[in-house]
Amino acid sequence: MDAGSHSISSEKSRAAAPRPPLQEAGSRPYMPSLSTGSRNPSAKCYGDRFIPDRSAMDMDMAHYLLTESKKDKENAAASPSKEAYRRLLAEKLLNNRTRILAFRNKPPEPENVSADIASSNLQAKPAKQRRHIPQSAERTLDAPDLVDDYYLNLLDWGSNNVLSIALGDTVYLWDASSGSTSELVTVDEDNGPITSVSWAPDGRHIAVGLNSSDVQLWDTSSNRLLRTLRGVHEARVGSLAWNNSILTTGGMDGKIVNNDVRIRNHVVQTYEGHNQEVCGLKWSGSGQQLASGGNDNLLHIWDVSMASSVPSAGRNQWLHRLEDHMAAVKALAWCPFQSNLLATGGGGSDRCIKFWNTHTGACLNSVDTGSQVCSLLWNKNERELLSSHGFSQNQLTLWKYPSMVKMAELTGHTSRVLFMAQSPDGCTVASAAADETLRFWNVFGAPEAPKPAAKASYTGMFNSFNHIR
């Protein structure tokens with residue numbers, strides 16, 4: 001079990017002045033540039049030494065000069081006339097020479113410096129500059145009435161660069177390209193509050209899970225309700241995950257259901273293994289494995305080939321049943337650069353991030369973070385993992401994988417950071433917390449090359465909805 005929901009009382013809602021959702025909570029802080037160039041670009045670099053020219057030396061003179069000081073001590077008691085004679089002799093014959101080493105030529109200038117640098121750049125790749133990680137949020141928006149419930153999933157960022165967030169009974173859409181906000185749907189009190197949102201791969205359609213156990217499918221381009229999936233669950237639907245045209249739903253009843261949204265009889269497979277609420281669902285990048293986490297502290301790995309359309313104890317079996325976590329398992333993240341690597345995070349009584357080989361079921365590593373792990377995200381461009389946490393710092397922590405050395409801790413939220421979502425280009429992370437703010441962090445840096453959003457494979461997913469009655 002883990003610390004769960006904290007309902008917002010109606011008295012508080014009536015007493016507080018209404019705040020417009022997704023409006024700027026503060027101006028963007030000034031961040032001075034930390035990039036530094038050469039302090040003295042005109043400075044030249046030479047070799048470490050210059051050997052003197054022996055042919056330019058007078059060895060007899062050098063011997064005289066080296067032994068002169070010794071003779072001076074021996075003749076310290078000489079008469080003033082002899083001392084004057086010696087000084088005059090040095091001026092006329094030795095020309096007051098005091099140097100022993102002679103340099104005939106100046107040190108040579110380095111030749112073809114620019115050509116050498118150019119050729120070395122062609123031969124070896126230049127060292128990668130250390131990435132600067134801003135310690136403050138790039139933007140902060142108000143998110144009034146955000147439900148403070150660990151088991152829900154109320155934030156998602158679609159492939160068309162539109163972020164969806166559920167605030168109470170309403171789903172809002174925030175266009176990251178223009179900064180505009182629109183309201184998608186407000187459900188009535190009998191169905192609400194909204195308990196989960198998830199974008200389809202096409203970035204146009206969105207699934208909305210409700211407290212009433214129904215699931216709605218919306219077309220955001222026309223703000224049209226396409227269909228409602230009823231009778232799938234017996235309690236609220238707190239987790240959703242897409243696998244092409246299959247929408248997987250997880251409910252408080254402990255059931256996990258695959259729904260093919262293209263057909264009338266949409267329930268195609270059912271996974272049964274949790275005995276409490278399913279609060280985490282994630283499909284692997286290949287779509288062959290499904291990870292599920294529950295309030296029963298269990299983590300399951302399911303394989304597509306093991307799912308059955310006729311649920312039975314013998315046929316519908318998990319691939320791995322993992323019991324290492326000591327609290328609810330909500331945070332799930334499949335690794336983008338290693339297909340069988342899964343990161344999971346436990347709740348307040350566990351506080352650990354664990355890494356799994358999903359082919360063998362082996363736990364590869366476990367790291368105690370010191371606080372409730374609410375969500376996890378992998379960096380798409382580097383071997384890094386971002387986690388969000390609850391009490392006591394309510395921070396986001398960036399880890400280097402696989403060493404799990406802390407690279408940065410991002411603070412600013414004043415309550416537990418329940419949800420995170422990643423922009424399509426992988427650079428920006430949005431975090432929503434129980435302090436009713438939505439913050440944007442430029443934590444993952446710029447991608448090496450732009451990746452166009454995939455859309456050709458999913459354009460026909462909802463074409464048959466006009467014929468559904």
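A: Happy to! One definition to begin: helices here are DSSP runs of H or I with at least four residues, while strands are DSSP runs of E with at least two. Please also keep in mind that the model is predicted.

Now move to the largest nonpolar core, which has 41 residues. Those touching the most other members are Leu155, Leu163, Ile165, Val171, Ile194, Leu438 and Phe440. Strand β3, covering residues 162–167, gives the most to this core, with 5 residues. Because domain 1 (148–272) and domain 2 (327–445) both give residues to the core, it lies between them.

Let's zoom in on Phe440. Setting aside residues up to four places away in sequence, Phe440 touches Ala137, Glu138, Arg139, Leu141, Trp157, Leu163, Trp174, Thr428, Val429 and Ala430.

Val373 has 0% relative accessibility, so it counts as buried. Apart from neighbours within four places in sequence, the contacts of Val373 include Tyr150, Ala331, Cys352, Ile353, Ser388 and His389. The C-alpha atom of Val373 is also separated by 6.8 Å from that of Gly390, and these two residues are 17 residues apart along the chain.

Notes:
Residues are numbered from 1 along each chain as its sequence is written. This is a predicted model: local features need pLDDT of at least 70, side-chain atom pairs count only at pLDDT 80 or more; totals for chains, interfaces and linings use all residues. Side-chain values use heavy atoms; hydrogens and water are left out. A nonpolar core is a set of buried Ala, Val, Leu, Ile, Met, Phe, Trp, Tyr and Cys residues joined through side-chain atoms within 4.5 Å. Buried means under 20% relative accessible area, exposed over 50%, partly exposed in between (1.4 Å probe, protein chains only). Domain bounds come from an automatic or database domain assignment. Contact means heavy atoms within 4.5 Å.
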